Amino acid sequence: MDTLVRIFDTTLRDGEQSPGASMNVEEKVQVAKQLAKLGVDIIEAGFAYSSPGDFEAVRRISHEVEGPVVCSLARAKPEDIDSAWEALKGAPKPRIHTFISTSDIHLKYQFRMTRKEALRRAVDMVERARGYVDDVEFSPMDASRSDPSYLYEVLEAVISAGATTVNIPDTVGYALPHEFGALIKGIRENVPNIDRAIISVHCHNDLGLAVANSLSAVINGARQVECTINGIGERAGNASLEEMVMILKTRKNLLGLDTSVNAEQIYPTSRLVSSITGIMVQPNKAIVGDNAFAHESGIHQDGLLKEKTTYEIMKPESVGISRSILVLGKHSGRHAFRTRLKELGYELSEEELNRAFRTFKILADRKKEVFDEDIEAIVQDEILRVEESERYRLVRLSVRSGTDIQPTSEVELEVDGRVVKEKGTGDGPVDAVYKTIAKITGTKSRLLKYSVNAITGGTDAQGEVTVRLEEDGHIALGQGSDTDIIVASAKAYVNALNKLEYRKKEKRERLI
Ligand code: KIV
Ligand code: ZN
């Protein structure tokens, strides 16, 4: 049997379904280029029919990203399939991924269809997709809670209709590893034409078992795993790509399976996705968490100093974590800056590079040492965020605060291209600035979370502020960084307000 486990990355589709994780088109293209560098086999670039933003992201990734198969999700509906093809047609290797539920509970309450109708629809839509592309994936949603005999019947029919990959989702993260493995084995033994398709799996992490279930599936014959960077995704997320890949690599002797992923790009990709989505990686997260390779106990440190393999099953360098953290300083040139940006996963145009380099020089004058995190913050603040579609832009601000005066602020904000000035007061300097920005923008949003972190060590470190806003059920995360934490706070708030506007616009334009 084939030993290659294909890695299907759905960070830009299922990953983007994480609350607050919306990415604009430019950001999605950046992530997709980095996924190509990482060497994933398939990129699910979005759900073309769902909104103009998703359509544009799939279209641009199809044109601009070389290497992986580019895929669009589509419900089992003619308009979805047609739109997926429209968006994908510039891709050298396009794939349409269509789905419909097969569990009785979904069919009865959500789709209001009989089993027979769902099967017919699945077959018709796979045939329609095959009219456009040779590479068609079909997912029976909620497969793990479906009647296996009906599932086998649907899989056989869609493979006969031309599906080249059949993806088995554990949509609600309910399965247990031995049970999910048995389901894959059952499919191999009971679907007569299964040798004409690749079995894929798509596991959610509601019980913390997404990776374990995916592993059990590949042991039982699945040869594609759908996953996301940092395990982000709907609710508790999807199987984490970095964990899946490092299991395959680290335990290759036992598993005998291969992956084409270039593991040294794992860490840069994780950082890129985290800084773009604003979703932090928990410190103890396997492979990419801050503590994943940190040894605290004296006994462990002693062992490591004598022989690394005593307590280290993987080298940090093998996933792209470099042991030297110092990067650049004020004497560093443009070439070194560009090289480091590339290593961090950012491909900038000449004009963007010039802009980022100017900001880097200003920062390097204020700070002795410029770290990777500082460089990422520059790209986030200066490049990816500069979008014509952004309504608000911070022009300048000043605050007065101290032990015996009421904090006051003066803020200048560009709103739809026009500069507006306001003054305000608050309980503290950040509160004063936020109230003034709220006055200018008229926002009705609620601040759910405000946190500030020093990006690196030292009192000259940049502060990185993260805010979470909510308005009418829309959630937006914003980030901002600066050596002045009041400025960082204002940038984060403005960034979150822009994202909220983007979300509201997407919602208005969203067709489903
Ligand atoms: O979780 C799920 O079932 C999905 C499908 C669309 C594959 O995301
Ligand atoms: Zn999913």
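Select Asp472 to begin: at 68% relative accessibility, Asp472 counts as exposed (buried means under 20% relative accessible area, exposed over 50%, partly exposed in between, with a 1.4 Å probe and protein chains only). The model is predicted, so local features need pLDDT of at least 70 and side-chain atom pairs count only at pLDDT 80 or more, while totals for chains, interfaces and linings use all residues. Residues are numbered from 1 along each chain as its sequence is written, chains are lettered from A and ligands numbered from 1 in the order in which they are written, and side-chain values use heavy atoms, leaving out hydrogens and water.

Asp472 sits in the loop between strand S15 (463-471) and strand S16 (474-482); helices (H or I, at least four residues) and strands (E, at least two) are DSSP runs, numbered from the N terminus. Its phi is near 50°, a positive value in a residue other than glycine. Most residues other than glycine have a negative phi.

Go next to Arg235, where phi is also near 50° and positive. Arg235 belongs to the loop between strand S8 (224-227) and helix H9 (241-250). Asp206 is partly exposed, with a relative accessible area of 32%, and Arg235 is partly exposed at 41%.

Select Glu243 and Lys285 for another salt bridge, 2.6 Å from N to O. Glu243 lies in helix H9 and Lys285 in the loop between helix H11 (266-277) and helix H12 (298-306), so the pair ties together parts that are 42 residues apart in sequence. Both Glu243 and Lys285 are buried.

In helix H2 (residues 52-64), pick Arg59 and Glu56, which are three residues apart and so separated by about one helical turn. Their side chains meet in a salt bridge at 3.0 Å, N to O. Arg59 is partly exposed, with a relative accessible area of 29%.

For a network of salt bridges, select Arg391, Asp416, Glu471, Glu501 and Lys504. The whole structure has 39 salt bridges.

Finish at helix H15 (residues 372-384). Eleven of its 13 residues are buried, so H15 is largely enclosed by the rest of the structure. Among the buried residues are Asp372, Ile375 and Leu384.

How values were computed: A salt bridge is a side-chain nitrogen of Lys or Arg within 4 Å of a carboxyl oxygen of Asp or Glu.
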